[in-house]
Amino acid sequence: MKNMFQTVVNLKTFSESMGQNTVSLLRKLRNEKSSPSLKIAVPVTRIHLGKEFENLISQHVDSVSFGAHTGHILMEDLITFGIKGSLLNHSEKRIPKPIIKSTIAKAAELDFNLIICSKDLDETKEICQMGATVVAYEPPELIGGDISVAISKPHIIEKAVEICQSYDARLLVGAGIKTKKDVEISRELGASGILVSSGVVKAKDPFYALNSLMI
């Protein structure tokens, strides 16, 4: 995965990706040419589907282990379902920095892959200093919008790439990524992949929307 351009699709909790729609959407997004570069982030209520779909990751995970931790999501449990990675610190589920640090440490012990979201350059650097290997830069104000970070803030992407590379980490680009041009710009600036959501999940043809972003 080191030199492979990665695409991560976050299903969030849209009506198009929940309930009976989850399996049908996942089947629509199956794309042999993109595997294993394609990862799909599912809510915890869908982690059992990891038995059928090999490219799933969780939308969140906690740093706790077995014990009295009601409501928490354990890495150990995710792994039993074939889920070997997770998003963390998404703008819609921000967590304290000490928790991010402890989760990174535990993930390293279990060979569990984290994609840690950052909102700006300062947070990108802070997360890299904690030992993150993959950071997804997403300006909160652009998430779900029609203007991509690649178009509106290319200079920030370039700087974020430099920060990540100085810590031997990879950068994914998110927020408003909806066209092949957005992807090409991100790659040219040094990004190692993209994090997308509504542009694929809410598309009339999710498979076509996904494939239009693949490069």
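**A chat about the model**

Modeller: Happy to! Let's start with Lys12, which is buried, with a relative accessible area of 12%. Keep in mind that this is a predicted model.

Biologist: Where does Lys12 sit?

Modeller: Lys12 is in the loop between β1 (6-10) and α1 (21-28).

Biologist: And what is its phi?

Modeller: Lys12 has a positive phi of about 50 degrees, although it is not a glycine. Most residues other than glycine have a negative phi.

Biologist: Okay, what about Asp111, what phi does that one have?

Modeller: Asp111 is not a glycine either, and its phi is positive, at about 55 degrees. You'll find Asp111 in the loop between α3 (97-110) and β5 (113-118).

Biologist: Is Asp111 buried or exposed?

Modeller: Asp111 counts as exposed, because its relative accessibility is 65% and the cut-off for exposed is over 50%.

Biologist: Switching topic: how confident is the prediction?

Modeller: The protein has a mean pLDDT of 90, and 93% of its residues reach 70 or more.

Biologist: Where is confidence lowest, and where is it highest?

Modeller: Confidence is lowest in helix α5 (residues 149-152), with a mean of 74, and highest in strand β4 (residues 85-88), at 98. Where pLDDT is low, the predicted coordinates should not be read in detail.

Biologist: Good to know. Which residues touch the most other members in the largest nonpolar core?

Modeller: Those are Val9, Leu11, Ile40 and Leu171, in a core of 57 residues. Helix α6 (residues 154-166) gives the largest share of this core, six residues. Apart from it lies another core of 10 residues, including Val8, Leu87, Ile115 and Leu195.

Biologist: Let's zoom in on Leu171. What does it touch?

Modeller: Not counting residues up to four places away in sequence, Leu171 touches Val135, Tyr137, Ile157, Ala160, Val161, Cys164, Ala191, Ser192 and Gly193. In soluble globular proteins, nonpolar side chains tend to be buried together.

Biologist: Why does Ser58 count as buried?

Modeller: Ser58 counts as buried because its relative accessible area is 1%, and the cut-off for buried is under 20%.

Biologist: What does its side chain reach?

Modeller: The side chain of Ser58 reaches the backbone oxygen of His60, at 2.6 Å. Leaving aside neighbours within four places in sequence, Ser58 is also in contact with Ala41, Val42, Leu78, Ile83, Gly85, Ser86 and Leu87.

Conventions
Residues are numbered from 1 along each chain as its sequence is written. This is a predicted model: local features need pLDDT of at least 70, side-chain atom pairs count only at pLDDT 80 or more; totals for chains, interfaces and linings use all residues. Side-chain values use heavy atoms; hydrogens and water are left out. pLDDT is the predictor's confidence in each residue, from 0 to 100. Helices (H or I, at least four residues) and strands (E, at least two) are DSSP runs, numbered from the N terminus. Buried means under 20% relative accessible area, exposed over 50%, partly exposed in between (1.4 Å probe, protein chains only). A polar contact is a pair of N or O atoms within 3.5 Å; within protein, one must be able to donate a hydrogen and the other to accept it, and residues adjacent in sequence count only if both atoms are side-chain atoms. Contact means heavy atoms within 4.5 Å. A nonpolar core is a set of buried Ala, Val, Leu, Ile, Met, Phe, Trp, Tyr and Cys residues joined through side-chain atoms within 4.5 Å.
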